[in-house]
Amino acid sequence: MVAVAVEVDPAARRLVVRRELEGAVEIVETQLPAVVGAQRGLNTPRYPTLPNIMKARRQPIAVMPLGDLGLDPVGVQERRRLRVMGYEEAPRRAAGQRLSGEPAEVARELVARLHREAQVL
Amino acid sequence: MDALAVIEAGDAGTLRRSSQETIAALRQVAGAVDAVAFGEAPERLADEVGACGAERLWVLSGPAFLTKSPDLWAQGLADAIRRLAPKSVAWPGTAWGKDLATRVAGVLDAGLADDVVAWEQDQEGIVAVRPVFGGKIRERVRVLGSPALFTVRPGAFAVQREAVRSARVEMISVAVQAEPEVRVTGVEAAAHQAAELTDARMIVAGGRGLGGPEHFRLVEELAAALGAAVGASRPVVEEGWVPHAYHVGQTGKIVAPDLYIAVGISGAVQHVAGILGSKCIVAINHDPSAPIFDVADYGIVGDLFQIVPALTAAIRQFKGATE
């Protein structure tokens, strides 16, 4: 689930999540442990301070081989469920038209074109 | 049946547009398409599903499906998929559909390709196309194994409706564990209209060019005249002019309306990535070199404080004349 607000009750090991659906907000409850996805706006990030950034640069980066996680590299390949067949550039939108003139005139022109050319009105 | 569309009913047995699109999408790559829904299926839903071209409507019924629970519903659906054995299953790429699809993929240990905007069939099966890197690149993927699961991006496929033909309703009862781990305890209607963005056919969105929250009503008035939903660019949302639910863009809502009007939005790549699926884009901005004009079908360079009210008036006049 993707959350916009989370309340945790650590004593009861319970989580209440508000999440946004199309046209509604859903309130969902679950027990801990749980996996929660965060949506933009959920919280205000805590930005690292400069001294902490400097400290972070000196931290060792641990590299874990698959075996350390109890995974066998061949098995992981066999369990693969998606194969990427290729990449292509997305089609670009053709350049549009510029309309100019007095506001009232441009507005009428746009409405006429949206109706006749684009057929969205 | 080759393929199964998991559908979401709207109010009073209507079929949500994103669900109609999901059936239409599957019909491009599968011979026979069925639909599956939860709870009670009103007759009207079977008509809607049939009109979209599905042959049967499977209904998962039973006490477990009367109250919404993502994990119980996923279990039930996984069980139904095992029994019906479709080659492909697709969900609408809404919050609801994505939640269920990922859970079902986990239960079935099946492959899932998310956010499909196009696809084709070859000898080995379906190759799905989905946007990556903010819509600049399209990735072609094949799901290995069966069933192959997909979510379909709303707005990417056109709905095909046929002469009235009702889908045959089949009830299916499935076994689910009794205690859900995730429980939906309440649903609140969104307090604002922006929540409708994903399904909206028209959107008017405002950006920093409006100058301040007090001018956002210009966007709202134009939207009201059109009957459009209201959106906003990221800076406007971050400044707190409007709620986060209004945010259109790569990290907000990805939209694909017939008409998108960007008011005072310069067109940062992240914003543009969220609107490229729109059929027609109109940009109103004072800066002639704003990147939004590169993707706009119609661009108006000028003072939005004059142009937007004039456009609202022109829309009202047009609507008055055609009604």
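Good morning. A residue is called buried when its relative accessible area is under 20%. Please keep that cut-off in mind as we look at this structure, which is a predicted model.

I begin with the aromatic rings. Over all chains, the structure holds seven aromatic pairs. One of them joins F38(B) and F65(B), whose rings are tilted, with 5.7 Å from centre to centre and 45° between the planes. F38(B) belongs to strand β2 of chain B, while F65(B) sits in the loop between β3 and α3 of that chain, so this pair ties together parts that are 27 residues apart in sequence.

Are these two residues buried or exposed? F38(B) has a relative accessibility of 12% and therefore counts as buried. F65(B), at 3%, counts as buried too. F65(B) also pairs with W73(B), here edge-to-face, at 6.5 Å between the centres and 65° between the planes. Both F65(B) and W73(B) are buried. Ring pairs link F38(B), F65(B), W73(B) and W96(B) into a cluster.

I now turn to the interface of the two chains. Here 74 residues of chain B are in contact with 50 residues of chain A. Together the chains bury about 5300 Å², 56% of it on carbon and sulfur atoms.

How many salt bridges are there between chain B and chain A? The count is seven. In a salt bridge between D109(B) and R79(A), the side chains meet at 3.4 Å, N to O. Strand β11 of chain B, residues 182-189, provides eight residues, the largest share of the side of chain B that touches chain A.

Terms used
Residues are numbered from 1 along each chain as its sequence is written. Chains are lettered from A and ligands numbered from 1 in the order in which they are written. This is a predicted model: local features need pLDDT of at least 70, side-chain atom pairs count only at pLDDT 80 or more; totals for chains, interfaces and linings use all residues. Side-chain values use heavy atoms; hydrogens and water are left out. Rings of Phe, Tyr and Trp (its six-membered ring) pair if their centres lie within 6.5 Å; planes under 30 degrees apart count as stacked, over 60 as edge-to-face and the rest as tilted. Helices (H or I, at least four residues) and strands (E, at least two) are DSSP runs, numbered from the N terminus. Buried means under 20% relative accessible area, exposed over 50%, partly exposed in between (1.4 Å probe, protein chains only). Contact means heavy atoms within 4.5 Å. Buried area is the accessible area (1.4 Å probe) that two parts lose on being put together, summed over both. A salt bridge is a side-chain nitrogen of Lys or Arg within 4 Å of a carboxyl oxygen of Asp or Glu.
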